Amino acid sequence: MLRDDEITKVLTVMAHPDDIDFSAAGTIATLVDRGVEVIYCLTTDGDAGGFDRELDNGGMGALRRAEQTAAAKAVGVTDLRFLGYSDGTVEAGLGLRRDIARVIRQVRPDLVITHSPERNYAVIAPSHPDHRAVGSAALDAVYPDARNPYAFPELLSEEGLAAWTVREVWLVGGPAPDHFVDITATIDRKLAALQAHASQVSHLETFADFVRQRFAETAERAGLGPDAYAEAFQRVSTD
C-alpha cells in the first residue's frame, strides 16, 4: 500500500455532485493541506437530484455544477472535470470506461478514490445504481484500461495520452471498509463543502448535527475515541 509521502496526486471519480463531499471531503481537505494535488471527475451533473422542481433537468444540472465548484473550493480543490452523463441512467459500459481512462491518463494520479461497486445492505444510500456503475467502470479503467497501451488505442494515437498505472484505489460506501482517516481537524470544512450543495441539503434543519453524529460514529468504529471524526474507505492495491 502507498505511504502518505508517496501520494502526490489524487483523482476522485464520482457519480454526482456532492458524492465526494458526503464520503470524503474531510480526507480531501487533509490531503490538500499536505500539499497533495486533487482533481475531481464528476460523471453526471446531478440533474435528477434536488427538491426544487421548478427547475427543469438542464437548470438543475447547471445549478449543481456551480454548487460542486463551490464545495470543492471549500476544501482547496479547483480542478473539476464533468463527463456529462445523464443522472440516474449511468451504466458501466465501454464508453464510460474509456472516458474515465482518458481522465486517468490526463491526470496521472497515484491514487483514485471512487465508489464501491458492491451493494451495501447495511446502508442503502451509497448503493445508488449510478454509484455502483461508476465504481465498476472506474475500477475497470484503473485496471486494465488506463495502464494498457492497447486498450482504447485511440487515446494514444489520436490524443497522445500514454498509458498510466494507478497504484492504489480507495472505495467509498462499500460493505467492507478497512482504512479510516481522522478528519477531526477538517470536519468544519467538510460541513462547509456539504452545505454548498443547497439544492440537496438546505431543507434539512438538523443537517450539521446529522453529519457530525455520522462521522463521530465512524471515528468510534475506527478506535479514535470521543470528540473525533473519521471517514472510511476500502483500500485496493493494483500491484
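This is a predicted model: local features need pLDDT of at least 70, side-chain atom pairs count only at pLDDT 80 or more; totals for chains, interfaces and linings use all residues.
**Group meeting: a walk through the chain**

Let me start with charge: the chain carries 23 positive and 37 negative side chains, and the centres of these two sets are 4 Å apart. Confidence is lowest in helix H2, residues 57-74, where the mean is 90, and highest in strand S1, residues 9-14, at 99.

Now the overall fold. There are 8 helices and 7 strands in the chain. The radius of gyration is 17 Å, close to the 18 Å that the globule rule gives for 239 residues, so the chain is as compact as a globular protein of that length. The C-alpha trace spans about 50 × 45 × 35 Å along its principal axes. Of the 239 residues, 49% are buried. Take the contacts between residues at least 6 apart in sequence: 78% of them join residues at least 24 apart. The accessible surface is about 10,700 Å², and carbon and sulfur atoms account for 51% of that.

Next, some backbone details. Most residues other than glycine have a negative phi, and most peptide bonds are trans. Where is there a cis peptide bond? One joins Tyr143 and Pro144, with omega about 15 degrees. Pro144 lies in helix H4, residues 129-146.

Two aspartates have positive phi. For Asp18, phi is near 90 degrees; this residue sits in the loop between S1 and helix H1. For Asp227, phi is near 60 degrees, and its loop runs between helix H8 and strand S7. Are they buried or exposed? Asp18 is buried, at 9% relative accessible area, whereas Asp227 is exposed, at 72%.

Notes
Residues are numbered from 1 along each chain as its sequence is written. Side-chain values use heavy atoms; hydrogens and water are left out. Helices (H or I, at least four residues) and strands (E, at least two) are DSSP runs, numbered from the N terminus. The radius of gyration is taken over C-alpha atoms; the globule rule is 2.2 Å times the number of residues to the power 0.38. Buried means under 20% relative accessible area, exposed over 50%, partly exposed in between (1.4 Å probe, protein chains only). Contact means heavy atoms within 4.5 Å. Accessible areas come from the Shrake-Rupley method with a 1.4 Å probe; for residues, only the protein chains shown count as cover. Lys and Arg count as positive and Asp and Glu as negative; His and the chain ends are not counted. The place of a charge is taken as NZ of Lys, CZ of Arg, CG of Asp or CD of Glu. pLDDT is the predictor's confidence in each residue, from 0 to 100.
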